[in-house]
Amino acid sequence: MQKIYHKSILGIAVMFFFSSYGQAKDELKTDPQEREIQAFRNKVQEQAQKQKSEIQRLKSLGHKEFISENGNEKQLIGADENGRPMYYTTLNAGAAKMTKADNLYSGGGLGLNITGNNMIIGQWDYSKPRTTHELLTGKINSYDNLQNQTISRHSTNIAGTLAGNNGEAEARGIAYEAKINAYDWVDDVPEMLSQAYNGTNGILVANNSYGFDPMYLQNYQFGKYNVTAQSWDNLMYLKPYLQIVKAAGNAREIDPGIVPQVSAKNGYDLLEGAGIAKNVLVVASAKKNVNMNSDEAFDVSAFSSYGPTDDGRIKPDICAPGENMYSSIETYDAAYGTYRGTSSAAAVVSGIITLLQQYYKSVSPTQSYMLSSTVRALLAHTANDKGTEGPDYIYGWGLADAKRASEAIYNNIEGIINNEKKSTLIKEVTLNQGNKYTLYVVPYEESQPLSATISWTDPQGNLVNNVVDLSNPNVVNDLDLKIVKINSNGTESTYYPWKLGGMSNLTGAATKTSTNDVDTIERVDVKNPEIATYKIIVSPKTNATPLLPGGSQTFSIVVSNVDFCYKEDLKTLVSPADDITTSQTILAKQIVAGNKIIAPVQGVEYIASRNIALLPGFQVEPGARFHAFITPCFDLISAMRYRAQERVGSEVLSVSNTSSSVSEHFTLFPNPAKEEVNIRFFLQSQSSIKISVYDASGKLISSEQSSTKFPKGEFIKTIDTRSYSQGIYMVSIETAEYKETKKLIIK
Ligand SMILES: [Ca+2]
Ligand SMILES: [Ca+2]
Ligand SMILES: [Ca+2]
């Protein structure tokens, strides 16, 4: 039996996709998501009202509303659950090169020109940036009159680090062509809720370089999942494209005589408020080292607060330069200063996310932005690890690396860039109740780790009691990632995600010996993988408990060092069981087809990561639509299929691994034939087909004309010859380009 291996497509479909938004206003009100947002807005407004009266009460007791101290601005923002004052403070204790963000700029080595053009960053801060500063001219899109109108150094400085541009590189911000929507920190939650990206417009990043002043916190409040963490998690859950970025805090430089927690655990357990949220990206500060001689040539800043959260999650998440940050200050329009603090580090990360979002949208298969969970997975996946392998409670996953993150986007197998070495997968997947996600992957090279990272925007957690270091996990939808190697003898080896020891083991090295039951970012690294099949599995912790009222959780996954992937090893289709009369997509590593695709069908697609073999017996009836795609990895999204056919479409004839010459328009096999003969033919452009068979006397035996045009590609038509008597026949094929006849012998 002759096999024909195709490493290419057998047709092109032009597909049209429509998504229409024609919802009337009253329909929107009944949208469950919209109802939830409204309920959350009401709850937040209620809390804000309560805090406003608490502020009045505390002021009447002599507490100052505004304090300016050691270069930081503080504001009485409300009371804690016991009525004690809570102050927000800016996080100055005081970049592009160290995080390699300049690689995305024009002339930056990646061949890109990504600078934040047409992007808008949300900045929440103490008060108003100096909008007339030469670094910020035309930068501040909006700052409404409900906000604090005092022009402040911190806001001016952070705006400069985010997006400042005076035409010179020295003081330029990270996303230097982006604009800023600025707000004061009062009512930050409702403001972020209304500004967040809604699928059409709004901000993708909210920079929050502030936090609760540790001087006013009780012991139990450090690391505790409180109402602020809960509220910010819910906000991000309701607005899944918005990434809130928060400074970890500078508590390690506070006098332990004033805040005993600073030395109680050697600098650990100093995170507060939204720094405990699961979905918020919490940023530590590193000493700036412009001429890094290795990816590890950085150190944590002396002031940067260490984690973890009380339930032992990996926080801070990431680290960025936060010292010697040269940027604008408020005193006059050409005034500059050098700053230090996790405030600056957070602004660097917000700038990087803005660049990555701009780049991702330009090359993603659906031309859309990343979910915030994809942003977190990507940053954790590509961060530069420091010291002992794996994450820790000082740097999180390591130093943010914009170059590696953008390279992952560039190499995304599902992205639209055509390059030879595509070995990264970036996917957003919705896991339905009771299901797990499995992907079979074969690594690209043995010298690099096979790494997979998942992240998801988890629903808000439950508030916990005011007990010091309560370790109850705050995660709601606990997904588990593992990689399973299928050994040659059929046994399996399992690789687990990194995790840390929590409050009882703050400094211990990260382990990877069992599932991670607390984090909402999980990464599995298989060092020195073999070129063999690995299963990547994402599953909910338990199928017994409903994941969600809606029954599903969306997660993002980044996998690097992928040669190809598939969902099933081999799909064999044989006639008559697999004869297809309805629309269908077959996905597998290999597809072996000897079936018949029967007209009329909506369209049948074979998508394989390695090869599609069409055996004698495979037949596409005229009028039936059939497309086959070879792609290193596949998904069910339509745009991907479109890319797949486009990517390999140009190779359609040259890579066919067959003996037949391209110069031949068609071949017959087997020949001589007995019960059936296959006519394998090529089309250089779309055409209708007419196939005719004549006997030796020239009498027409059969004739078939396709009812629709076949696309460009390679096709096989099988003719049942059982009714033919022995002898010589002539088979003629007629297309828009050619008419050719060949001799057929029936034995
Ligand atoms: Ca405000
Ligand atoms: Ca604690
Ligand atoms: Ca887990």
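I began with strand S32 (residues 690-695), which pairs with S33 in the antiparallel sense over 5 bridges. My strands are DSSP runs of E with at least two residues, my helices are runs of H or I with at least four, and both are numbered from the N terminus. I call two strands paired if DSSP finds at least two bridges between them. Checking one bridge, I found Ser692 partnered with Ser703 in S33.

A note on the source: this is a predicted model, where local features need pLDDT of at least 70 and side-chain atom pairs count only at pLDDT 80 or more, while totals for chains, interfaces and linings use all residues. Residues are numbered from 1 along each chain as its sequence is written, with chains lettered from A and ligands numbered from 1 in the order in which they are written.

Next I traced the sheet around that pair. It is an open sheet of 4 strands, ordered S33-S32-S35-S36, with antiparallel pairing. Strands S33 (700-705) and S36 (739-746) are at the edges with a single partner strand each, so one side of each has no neighbour in the sheet. Neighbouring strands here are turned by 15 degrees against each other on average, direction ignored.

Then I went to a second open sheet. Its 4 strands come in the order S15-S22-S17-S20, and the pairing is antiparallel. S15 (424-432) and S20 (521-526) have a single partner strand each, so these edge strands are left without a neighbour on one side. The twist averages 15 degrees from one strand to the next. Strand S17 (residues 450-456) is joined to S20 by 6 bridges, and I saw Ser451 standing opposite Asp525 in S20. Helix H8 packs on this sheet, touching S15, S17, S20 and S22 (552-560), and its direction makes about 145 degrees with that of S17. Angles run from 0 to 180 degrees between N-to-C directions, using axes fitted to C-alpha atoms, for helices over the stretch in contact.

What does H8 (residues 372-382) do with H9? Their axes come within 9 Å and cross at roughly 115 degrees. For the contact I listed Leu378, Leu379, His381 and Thr382 in H8 against Arg404, Ala405 and Ala408 in H9. Contact here means C-beta atoms, placed from the backbone, within 7 Å. By class that is 4 nonpolar, 2 polar and 1 charged residues. Nonpolar covers Ala, Val, Leu, Ile, Met, Phe, Trp, Tyr, Cys and Pro, charged covers Asp, Glu, Lys and Arg, and the others, Gly among them, are polar.

H9 (residues 402-410) also meets H7 (residues 342-363), their axes coming within 10 Å and crossing at roughly 15 degrees. The H7 side of the contact includes Ile352 and Tyr360, and the H9 side includes Ser406 and Ile409. The residues divide into 9 nonpolar, 1 polar and no charged.

Last, I checked a hairpin and a loop. Strands S18 (residues 479-486) and S19 (residues 492-495) run antiparallel, joined by 4 bridges. Their hairpin has 5 residues between the strands, and Gly490 takes a positive phi near 95 degrees. Gly623 is in the loop between S28 (619-620) and S29 (626-630).

Notes:
Two residues are in contact if their C-beta atoms, placed from the backbone, lie within 7 Å.
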